[in-house]
Amino acid sequence: MVSEKITRRKLSDQVFDRLRAMILTGELAAGAVVPSERALMQRFGVGRPAVREALQQMHTMGLISIAHGERSRVKALNASAALGQVDAVAQLLLSAEPGALAHLKEARRMFEAGMVRLAAEKAIPADVADLQAILAHQRDCLGDARAFVAADVAFHTRIAAMAGNPIMLAVSEAMLKWLFRYHSALLHWSGKEDVTLQEHALILARIAAKDAPGAVAAMQAHIARSADVIGHHG
């Protein structure tokens, strides 16, 4: 016969399930103060250790914030927060797993092509103006590698935001964060800044013209070229 052992669940796990249910039902809305340990002990009929362990698990999962000297609060549930929880694991994967960085680059090429197509199709004057401002700022960052890379990330993130899809934006932000942690531009960027600015200007021009195929082609060329300077560094 197949084993069907009944296992007793830890009290802290049960408290965690109750607290999570309170968030899902809206009893504890985003920004709300989490009941005190004493109140939770009385409500669920458990001891302080079970409550504290459950709260710590909630904090680890990014469901609540815990700050010294302040009451815990429920954090907003969104795509960025969800992806933020896997950030440390993703960084470890990229460092330890052979081929992971190459796979991430490939995923980015496909993702950015889709993002820039949507951006070109949906672009409004305010979007174009924002991209122009970011590009102008990036030109001003010449000579400052870290600021230049930060502006590079801002340019691509703004394009992703134009899709109007918070999940796509969160994925874009996460991928860029993971990739640029290994951006050898911080060490070997010299001589490539002008090329990047030219490529960004072309992408922007295609978006402004609502030329989706042209924007995709410009982005693919840019990603293919810049991928060669993204690699592991210590």
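Gln-138 lies in helix H7, where helices (H or I, at least four residues) are DSSP runs numbered from the N terminus. The model is predicted, so that local features need pLDDT of at least 70 and side-chain atom pairs count only at pLDDT 80 or more, while totals for chains, interfaces and linings use all residues. Residues are numbered from 1 along each chain as its sequence is written, and side-chain values use heavy atoms, with hydrogens and water left out.

Helix H7 (residues 125-140) comprises 16 residues and reaches 23 Å from its first C-alpha to its last, close to the expected 22 Å, the latter being 1.5 Å times one less than the number of residues. Asp-127, Val-128, Leu-131, Ile-134, Leu-135 and Gln-138 of H7 are buried (under 20% relative accessible area; exposed, over 50%; partly exposed, in between; 1.4 Å probe, protein chains only). The buried residues of H7 line one face of the helix, because they fall within an arc of 125 degrees when seen down its axis; the arc is that of the directions from the helix axis to the C-beta atoms. The face turned away from this buried side carries the exposed residues Pro-125 and Asp-140.

The cover over the buried residues of H7 includes helix H6 (100-122), helix H8 (145-161) and H11. Gln-138 has a relative accessible area of 0%. Beyond its neighbours within four places in sequence, Gln-138 is in contact with Phe-148, Ala-151, Asp-152, Thr-196, Leu-197 and His-200 (contact: heavy atoms within 4.5 Å).

Lys-210 is placed in the loop between helix H11 (193-208) and helix H12 (212-227). Its phi is near 55 degrees, a positive value in a residue other than glycine. Lys-210 counts as partly exposed, at 46% relative accessibility.

Technical notes. Helices (H or I, at least four residues) and strands (E, at least two) are DSSP runs, numbered from the N terminus.
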